[in-house]
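Student: I have a new model open and would like to learn how to read it. Could you take me through some features?

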Amino acid sequence: MMKKSYFRPEIDALSGYVPGEQPKMPDLVKINTNENPYPPSAKVMEALKHFDSATLRLYPDPTADGLRKAVAERYGVAMENVIVGNGSDDLLTMIFRAFTSPEQSAAVLDPSYSLYPVLAAMQGASVIRIQLNKTDFSLPEDFLKQAAPANLLVIPRPNAPTGNVIPKAQMEEICRSFDGIVVIDEAYADFADDNCMDFAARLPNVIVMRTFSKSYSMAGVRLGYAVAEASVIDGLMKLKDSYNVDRIAQALGLAAFLDTEHLEHCCARIRESREQLAKDLKSLKFTVIPSQSNFLFAAPPDGNGERCFKILREHAVIVRYFPGPVTGRFLRISIGTPGEIGRLLQILREFYL
Ligand SMILES: Cc1ncc(COP(=O)(O)O)c(C=O)c1O
């Protein structure tokens, strides 16, 4: 006899989010989860060295006000417009809890970050998946019409896993026309030519999110923030865990955030490597989607992403492969160090030249 389940039906039906592999093979080139190949700012190491471990017996500041204030100052908003999360995934959890339910659906892009539909499913909310154009991953013409029934619209900019951006003017038009909350997930914005942070201060239905996991090289710390109108932040505050960001994360995050010189230097290096890798892949007849991110979405000449993924894996180079009729042609390759990229290209030249 089947054992009785005590879970909510939504949870029983849920497959759960599958994070990118974190393999532990020796001599691995790990370019599969868009981590930064370079270490964080030296200021972060310093803050860690000087961190007073005696303070660990005390709970952290529940709203991370040191970091909140620094974020507010940088973007010319008030502290009331900022919330800090345990990674941007934590902020997304709050957002889906706040704005989706069995009666309130979410609209997401397809392909996009696969956590969004999982968070909607946890709420018992339906998801409108809006297929991007298959060649350049731009928005379909009837995008707004498709999104209209949703209460929450989530757009990563740059998008993941495709790396492209929706033009800023088009983003503004979407935010102004959509009758619901628009989340602009700017996890990769520091690698892009522009961003939509100014919308957060101007448009009352927009939440702009950032993370320390990519450009700040701090995926292991778990830290992110969101900026929006005060009433929206207020609502999210009701939903967050009381002490969602620990003391160490708050101290290290502030040190990283204030070192803008390191950030700019590191992002410039990654952007330069990205453009060079795009050129090198194109010379191997790969199709490369123009990227404004720290990764490339590229299809091998035979359009068989899975085969290419397996070849690379056999040579201890781990990239990300997303099965499916459109995404299955491609691989998502995070920008590694020049040495890591060199190894990737060496293998690809052997098989595709
Ligand atoms: C678009 C997007 N948003 C959010 C995240 C999660 O970031 P964090 O590490 O801050 O939870 C990722 C991670 O890969 C991402 O690709």
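Student: In which loop does Pro 161 lie?

Tutor: Pro 161 lies in the loop between S5 and H7. Helices (H or I, at least four residues) and strands (E, at least two) are DSSP runs, numbered from the N terminus. This is a predicted model, where local features need pLDDT of at least 70 and side-chain atom pairs count only at pLDDT 80 or more, while totals for chains, interfaces and linings use all residues. Residues are numbered from 1 along each chain as its sequence is written.

Student: What is the peptide bond from Ala 160 to Pro 161 like?

Tutor: That bond is cis, with omega near 10°. A cis peptide bond also joins Arg 157 and Pro 158, with omega about -5°, and Pro 158 lies in the loop between S5 and helix H7 (168-177).

Student: Is Arg 222 buried or exposed?

Tutor: A residue is buried if 20 or more other C-beta atoms lie within 10 Å of its own, exposed if 12 or fewer, and partly exposed in between, with C-beta atoms placed from the backbone. Arg 222 has 20 other C-beta atoms within 10 Å, so Arg 222 is buried. Its phi is positive, about 70°, although Arg 222 is not a glycine.

Student: And is Lys 285 buried or exposed?

Tutor: Lys 285 counts as exposed because it has 12 C-beta neighbours inside 10 Å. Lys 285 has a positive phi of about 70° too, although it is not a glycine. You can find Lys 285 in the loop between helix H11 (260-283) and strand S9 (287-288).

Student: How do the axes of H2 and H10 cross?

Tutor: Axes are lines fitted to C-alpha atoms, for helices over the stretch in contact, and angles run from 0 to 180 degrees between N-to-C directions. Here the axes of helix H2 (residues 42-49) and helix H10 (residues 247-258) come within 8 Å and cross at roughly 150°. H2 is therefore roughly antiparallel to H10; angles under 35 degrees count as roughly parallel, over 145 as roughly antiparallel, 65 to 115 as roughly perpendicular and the rest as oblique.

Student: Which residues make the contact?

Tutor: Two residues are in contact if their C-beta atoms, placed from the backbone, lie within 7 Å. H2 contributes Lys 43, Val 44, Glu 46, Ala 47 and Leu 48, and H10 contributes Ala 251, Leu 252, Ala 255, Ala 256 and Leu 258.
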